[in-house]
Amino acid sequence: MSSPTGHVPHYIPWYNRPSQDLPITFVKKISSIKFKSESFRSIAPFPWNLDSAVTLWDGQPGEHQLYVEPDLSRWKQMLLEFSDAVAIGSQDKLFIFFAKQKREPIRANLPLVRSRLETSPTDCVNVAWILGQYAPFEPLVVFNRGSVTYIYNVKRKGIASYLRGHGGAITSIAVHPTRPNLFCTTSRDTSVRIYDLALAPQKKPQNPHWPPSKQPSLAGAAHGLHMSESEGSGLGRCIIVLMGGRSGGHRGAVLGALDRTVKIWLVPPVSRTNIKGEDKPLFSCSRIHKARILSVSWLQNDVLATHSAAAVMRAHPSGDGKNSQTHIVPGEFIVWRWLGIDRFLPPNQEETRQVPLRGCSSDYQESSSFKIISAMSFTPVESQFIAPKLNIFRSSVHDPLAVYTIPGSSSFSIFNVCHMPSGKQSSSSPKESAVSESNGGSLGLNDEPPENTCSTRISLEKLQDLSIHPPVTERKWNLEKVISQTEGRLENCTFAMGGSVLIGVGTEGTVWVWRLNKNIDSNVL
């Protein structure tokens, strides 16, 4: 439609309109008396679409070619069957729900195992979708229960594998974006383990000799070696261990760690026979956040987004005898740039790699090679144990969108990451404390908030190829019209089905579904 002057009006997507209400419509609530006692906490929507047939394994996993017939038809059939599937984790169970299809939810039944591991009230089953390279038409869900990793075949509705190795509860699971047979688990044992589904679990240790002993080492998995017992059964083998410890690894739980440290690791070349260990990251810093870090997301090659829980701070840190009083500082969402990437990985020299690639002690112990681009504070909470749940939806056709909720609340919030203000940063509420960037790269809370929290934006120079638009405020969607006090509270929320659907999960075994209005942006997400 043209304007009276003959010019075609410039189209602005809904997530770039400051005054636009959230164009979403509540669709349905999924609940059952069978799940009434469950509290859903983690969520992972089915991540692949038709374009994935070209991007996954460059379109050629194993002996298959996903982008040509007949494999393309099999790929389309799998999408038809599982594109609306959502993996959900409670405190100790896995569920598969379907957002659009009228199908019964799937529950993974696990044997009751007594564990001596210390548990936390915030512990839950972490979930993620994976694919086998030689069976790409049977989607799998990897999840944990305590320190054990399980792999569930959604099509066959059965456990396909279980894997041991961690000495503490698993805190998160992440999957390679284009090689979904590779996934990693983080744990309270201070280590990260990377697995390959193409290999079977290690049955016998094949460890080197450590002089003066003439026998293979029995140091174990925490030191990047094989265990003295079988690794597990079914699919998957640990190929790399990113070790914790004083050398350069984490000194607390990885994600949710008390050491507040962000680390960037170089994954070493893998071996099909020997497990590889790495104890020195390329970057390590504990000055970005003031409290335990809950998530790390890549926005660009050198731009990351991290979010943290609330921090307990002394009211009088000067040591004048009044420092026993404390107060709670809200958790933060921070976008920052890693300044050392070109030093380790020079541009236009991707084919040339230094072996081994190591930094100096200031890189892997306490690096200053970062710059805060923008930061915001979450809604204030009463306890540091109430941690915000945040998910970032990324797509090649629009800006990164963050959706977060405070567990136990009745609302979720969505904001465009590119619209976060730069320079002096304010919290998400004008009444909350201001956040600013100091010369040392850390954040302080003593500056006054700017008069207009949306008067600045991230410059194109700072975010390079990220789309930059006039700033918008965080927009909150209240669920009071959808749920009541007796129907549970929201615990987590994320985009699904290519951004066209929002899925919320919560207490009382409840799942909520919203959809993006078709008459507004059906061709954008």
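Okay, let's start with Pro70, which sits in the loop between helix H1 (52-55) and H2. What joins Glu69 and Pro70? A cis peptide bond, with omega at about 5°. Keep in mind through all of this that we're looking at a predicted model.

Trp57 isn't a glycine, yet its phi is positive, about 50°. Asp58 isn't a glycine either, and its phi is positive too, at about 55°. Now, buried or exposed? For Trp57, the relative accessible area is 5%, so it's buried. For Asp58, that value is 53%, so it's exposed.

Let me zoom out. The protein chain has 525 residues, and buried ones make up 50% of them. In secondary structure we've got six helices and 32 strands. And if you take the contacts between residues at least 6 apart in sequence, 63% of them join residues at least 24 apart.

Nonpolar side chains in soluble globular proteins tend to be buried together. Here the largest nonpolar core has 31 residues, and the members touching the most others are Trp75, Leu94, Ile96, Trp129 and Phe143. Which elements give two or more residues to this core? You've got helix H2 (71-82), then strands E3 (85-89), E4 (94-98), E5 (106-108), E6 (127-132), E7 (135-145) and E8 (148-153). H2 gives the largest share, five residues. There's also another core, apart from that one, with 18 residues, including Leu299, Ile373, Met376 and Phe415.

On to the rings. How many aromatic pairs does a search of the whole structure find? It's 20. I'll show you two. The pair of Phe40 and Phe95 has its centres 5.1 Å apart and 55° between the planes, and that's tilted. Phe40 lies in the loop between strand E1 (24-30) and strand E2 (42-45), while Phe95 is in strand E4, so this pair ties together parts that are 55 residues apart in sequence. Both Phe40 and Phe95 are buried.

The other pair is Phe283 with Trp336. Their centres are 5.4 Å apart and the planes are at 25°, so we call this one stacked; the cut-off there is under 30 degrees. Phe283 is in strand E17 (residues 283-285) and Trp336 in strand E22 (residues 332-338), so here the parts being tied together are 53 residues apart in sequence. Phe283 has a relative accessible area of 0%, so it's buried, and Trp336, also at 0%, counts as buried as well. These two belong to a cluster linked by ring pairs, made up of Phe283, Trp336, Trp338, Phe344 and Phe370.

We also have charges over rings. Arg103 puts its charged end over the ring of Phe98, 3.9 Å from the ring's centre. And then Lys280 lies over the face of Tyr364, with 5.6 Å to the ring centre.

Last stop, cavities. How many cavities of 30 Å³ or more are there? Two, by the rule used here.

Not counting residues up to four places away in sequence, what does His289 touch? The list is Arg260, Thr306, His307, Ser308, Glu332 and Ile334. As for Ala311, it's 22 residues from His289 in sequence, with 9.2 Å between the C-alphas.

That's my tour, so over to you.

Methods. Residues numbered from 1 in each chain as written. Predicted model: local features only at pLDDT ≥ 70, side-chain atom pairs only at ≥ 80, totals over all residues. Heavy atoms only, no water. Core = buried A, V, L, I, M, F, W, Y, C linked by side-chain atoms within 4.5 Å. Buried < 20%, exposed > 50% of the residue type's maximum accessible area, 1.4 Å probe, protein only. Helix = DSSP H or I, 4+ residues; strand = E, 2+ residues; numbered from the N terminus. Phe/Tyr/Trp six-rings, centres within 6.5 Å; stacked < 30°, edge-to-face > 60°. Lys NZ or Arg CZ within 6 Å of the ring centre and 35° of its normal. 1 Å grid on protein atoms, 1.4 Å probe; cavity = no way out; pocket = protein on both sides within 12 Å on 5 of 7 lines; lining within 4 Å. Points joined across faces, edges and corners; volume = space filled by probe spheres on them. Contact = heavy atoms within 4.5 Å.
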